[in-house]
Amino acid sequence: MASCFGKIVVGTYVEIKRSDGRIHQAMVTSLNEDNESVTVEWIENGDTKGKEIDLESIFALNADVAPDEEMAPSPETPPPPTPTSVKINKIAKNRRTIAPTKNDTPSKDNRGIPTRARQPQPQPPEPAPAPPTSLQPTQLTQAQAQQQLQNARRKSNCVKEVEKLQEKRERRRIQQQELREKRAQEVDTTIPNYEIMYMIRDFRASLDYRPLTTADLIEEHKICVCVRKRPLNKKELAMKDLDVITIPSKDVVMVHEPKQKVDLTRYLENQTFRFDYAFDDSTANEMVYRFTARPLVETIFERGMATCFAYGQTGSGKTHTMGGDFSGKNQDCSKGIYALAARDVFLMLKKPNYRKLDLQVYATFFEIYSGKVFDLLNRKAKLRVLEDGKQQVQVVGLQEKDVKCTEDVLKLIEVGNSCRTSGQTSANAHSSRSHAVFQIILRRKGKMHGKFSLIDLAGNERGADTSSADRQTRLEGAEINKSLLALKECIRALGRNKPHTPFRASKLTQVLRDSFIGENSRTCMIATISPGMTSCENTLNTLRYANRVKELTVDTNQVMEGGRPNIHAVNQLDLLDEEWLSMSPQRDDLKLLCEQNEEEVSPQLFTFHEAVSQLVEMEEQVLEDHRAVFQESIRWLEDEKVLLEMTEEVDYDVESYATQLEQILDQKIDILTELRDKVKSFRSTLQEEEQASKQINPKRPRAL
């Protein structure tokens, strides 16, 4: 087999062709007899590179090193070199010298190699025919036939191998062409992204599917994070959108994100996320409830606080998961987590060990919209959130409804859902613009025994609307963005037992403060995702958010040690400058929140959040003062009426009248001047908010 390498030996320089079409010289470093190839190396940009090349490609560019096809000349009659042989050598040399482009210039190391090794060895001249006088014609014919037979035998080993390679290559080309033609016949040309569809189908064919079943064990988690995928809806099916989400096992979610190279070649970037549970599009609400909220019901009977969130893009299935199935605009509330949790609460009340506690069940339903709280069970009455002397958060005016059975709970849910605020976004025509909070409260002799909070969060794509031209949309987006950031940090603080929880950074976390503080607190987050390729960006943002919530609680050793994260949190508080420490606790938490999320919150966005928080605070102060002035105005009117009635008497005291009127006017001037100054300050705050919104990076911030 060694003869098939011709004149190639280790150290020989040959011409090679790169995959991009460039041709340059390289040195042979090894001969591979098993697959009839050679390994070559060259120096490019100061780095040594190597490649394995088959002999066919080497001989095609280097005819001078190919095996000899002629018999060696007889030593008795060495023929002189003929002009024909010289011409052949020149042609062979010219075949190797392909003009390189500017980028193909060999490196200095290659140019420094002696040219002697690069020069092809001269071909042996053709043997001269023997003189006609020395051999008879028959002997001449026999000698020529014998020579041709020897030539055929000599070249057969190499040529046969080369021909085999050519045949294999040709067969492979034909098979690939047939496969392309077959796929072209099967392709539905009406599908806009059929290439991506085939890539996803081929990838899924290689997976081993082990979905979640009712036989799987329900694990105990202080913080449980799971993901639920919904099926493609009618709108996505009509536009022939692709399903880019795969859930191969009970705790893994894969996103097939379409990408495009510089040369416009399309490919898939498969991203994998791991959570506590992953529910595919065939999972019913009862199955989701079994693994998420059901384990939390017992917590509230053990004097604990339980919280269950539904988080995700609008239209991804949050309200369906929490509230129940939809049939057009009608909702079957009996199949949502709200009703399923209430059902189990009443079942637990009948157990002997809880029946003797004589517990009473109450329900509240309110929404948080743009930093304000509204009671959905009391005609959307506006509520105030205050802290009492014991630093307990109280929602002033919130009505608690006494419920005796599951049907009572369903009626309250229907009433509350009909009042909830919604609007249009770029992602959905009917977007939930508020956080809806449904609470099941257990009381024993009037005192709180346990509380289960079920929250349907606002659509997370609203969090990106912070640079809108409309102030109301800006404020909505800012409050949603801030509340979602605060919620994430509060859950992480709960899982890490951090010394400080930034619950004052938003109204949502302020209302749920008691759910994040205490040893017997448990939380579950259900991240709902849309499977369509058009929703891929929002889906990835949802999964990243859920992953950030859980990532710090996976390592149990780190949680037990406390150590670095707790020190980091304390350091963040220590770094607050004197100006911030002199401000309200809400601003302390806001700064801490932004420092812990530097990736999502730029300095300009932090300034904007600060302006919005100040705006909301001043708005509440102005409204409160305005109400006080209005009440005072009623008293002034009554006093003025008495004065005017006094003037109708014949002998009224003029001095007393003038004195009392002057006092009333002084009071009016003082109070109204103070209110006017606050309104002026409020207007300047509005302008600061508008200026801060314009300073935000034009690139839209990543939605949470």
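## Close-up views of a predicted model

View 1. Arg471 counts as partly exposed, with a relative accessibility of 28%. As for the words, buried means under 20% relative accessible area, exposed means over 50%, and partly exposed is in between (1.4 Å probe, protein chains only). What you're looking at is a predicted model, so local features need pLDDT of at least 70 and side-chain atom pairs count only at pLDDT 80 or more, while totals for chains, interfaces and linings use all residues. Residues are numbered from 1 along each chain as its sequence is written, and side-chain values use heavy atoms, with hydrogens and water left out. Arg471 sits in helix H14. How far apart are Arg471 and Glu690 in sequence and in space? They are 219 residues apart in sequence, yet 7.7 Å apart in space, C-alpha to C-alpha.

**View 2. Helix H14 and the residue that follows.** Helices (H or I, at least four residues) and strands (E, at least two) are DSSP runs, numbered from the N terminus. H14 covers residues 471-496, which makes 26 residues, and its first and last C-alpha are 37 Å apart. That is close to the 38 Å expected at 1.5 Å a residue; the expected span is 1.5 Å times one less than the number of residues in the helix. Is H14 mostly covered or mostly open? Mostly covered: 24 of its 26 residues are buried. Just after H14 comes Asn497, with a positive phi of about 55 degrees.

**View 3. Helix H6 and its buried side.** H6 takes in residues 194-205, twelve residues in total. From its first C-alpha to its last it reaches 16 Å, close to the expected 16 Å. Which residues of H6 are buried? They are Ile196, Met197, Tyr198 and Ile200.

View 4. Side chains of opposite charge can pair when their charged atoms come close. Here a salt bridge is a side-chain nitrogen of Lys or Arg within 4 Å of a carboxyl oxygen of Asp or Glu, and the structure holds 28 of them. In this one, the closest N and O atoms of Asp243 and Lys229 are 2.8 Å apart. Asp243 lies in the loop between helix H7 (234-238) and strand S6 (245-249), and Lys229 lies in strand S5 (residues 223-229), so the pair ties together parts that are 14 residues apart in sequence. Asp243 counts as buried because its relative accessibility is 19%. Lys229 is buried too, at 7%.

**View 5. Asp251 reaches Arg274.** These two side chains meet in a salt bridge, 3.2 Å from N to O. They link distant parts of the chain, 23 residues apart: Asp251 is in the loop between S6 and strand S7 (252-260), and Arg274 is in strand S8 (residues 266-274). Arg274 is exposed, at 55% relative accessibility.

**View 6. Two helices joined by Lys678 and Asp625.** Lys678 forms a salt bridge with Asp625, and their closest N and O atoms are 2.4 Å apart. The pair links distant parts of the chain, with Lys678 in helix H23 (residues 654-695) and Asp625 in helix H22 (residues 603-647), 53 residues apart. Lys678 is partly exposed at 28%, and Asp625 is partly exposed at 22%.

**View 7. A salt-bridge network.** Which residues are linked in a network of salt bridges? Arg18, Asp20, Arg22, Glu44 and Lys49 are.

View 8. Patches are made of residues with over 30% relative accessible area and no salt bridge, with like charges joined within 9 Å (nonpolar side chains, namely Val, Leu, Ile, Met, Phe, Trp and Tyr, are joined within 5 Å). The negative patch gathers Glu662, Asp666, Asp670, Glu674 and Asp677; Glu662 belongs to helix H23. The positive patch is formed by Lys160, Lys164, Lys168, Arg171 and Arg172. Lys168 is in helix H5 (residues 137-186) and is partly exposed, at 47%.

**View 9. Two loop residues with a positive phi.** Leu264 isn't a glycine, but its phi is a positive value near 70 degrees. You'll find Leu264 in the loop between S7 and S8, exposed at 60%. Arg303 isn't a glycine either, and its positive phi is about 60 degrees. Arg303 is in the loop between helix H9 (294-301) and strand S10 (305-312), and it is exposed at 56%.

Note on methods
Accessible areas come from the Shrake-Rupley method with a 1.4 Å probe; for residues, only the protein chains shown count as cover. Lys and Arg count as positive and Asp and Glu as negative; His and the chain ends are not counted. The place of a charge is taken as NZ of Lys, CZ of Arg, CG of Asp or CD of Glu.
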